[in-house]
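I opened a new model today and kept notes as I went.

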Amino acid sequence: MLKNSTTRMWSCRRISYEVSNTPGWQKVSASTVYRTLKSNGYSVFKRTVKPGLTDEQKKIRLQWCLDHKDWTLEDWKNVIFSDETSVIIGGVRGKKRV
């Protein structure tokens with residue numbers, strides 16, 4: 001469950017459904033799954049959702065990289081990179097709970 005990015009987002013209800021419908025496995029409730037996960041150190045968190053890049057943005061970034069591929073260390077010492085952040089205009093970040 002932990003290594004698969006799809007199953008990592010499953011709710012306790014979904015996990016209990018999958019376990020209960022697996023042949024040879026005992027039926028379990030969502031609350032049992034929750035208690036088991038909690039007792040093993042897992043907790044609820046909101047995943048960070050970042051917007052994807054458009055094809056145009058990808059082209060622009062690739063061109064920037066190609067333009068700067070031959071820069072020396074001395075060239076890069078004159079550049080200041082600010083912290084990056086994700087911004088969604090008119091939207092709310094982190095609506096999906098995991």
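**Notebook: from the chain to one helix pair**

I first checked burial across the chain: of its 98 residues, 9% count as buried. I note that this is a predicted model.

Next I looked up the secondary structure. I found four helices and zero strands. Read from the N terminus, the elements run α-α-α-α.

Then I turned to surface and contacts. The chain exposes about 9,000 Å². Carbon and sulfur atoms supply 55% of that area. I also looked at contacts with a separation of 6 or more: residues 24 or more positions apart account for 40% of them.

Ser-16 sits in helix 1, residues 12–20. Is Ser-16 buried or exposed? Its relative accessibility is 8%. The cut-off for buried is under 20%, so Ser-16 counts as buried.

What does Ser-16 touch, leaving out residues up to four places away in sequence? I listed Val-28, Ser-29, Ala-30 and Val-33.

Helix 1 brings Cys-12, Arg-13, Ile-15 and Ser-16. Helix 2 meets them with Ala-30, Val-33, Tyr-34 and Leu-37. By type, I logged six nonpolar residues, one polar and one charged in the contact of helix 1 with helix 2.

Terms used. Residues numbered from 1 in each chain as written. Predicted model: local features only at pLDDT ≥ 70, side-chain atom pairs only at ≥ 80, totals over all residues. Heavy atoms only, no water. Helix = DSSP H or I, 4+ residues; strand = E, 2+ residues; numbered from the N terminus. Buried < 20%, exposed > 50% of the residue type's maximum accessible area, 1.4 Å probe, protein only. Contact = heavy atoms within 4.5 Å. Areas by Shrake-Rupley, 256 points an atom, 1.4 Å probe, with all protein chains shown as cover. Nonpolar A, V, L, I, M, F, W, Y, C, P; charged D, E, K, R; others polar.
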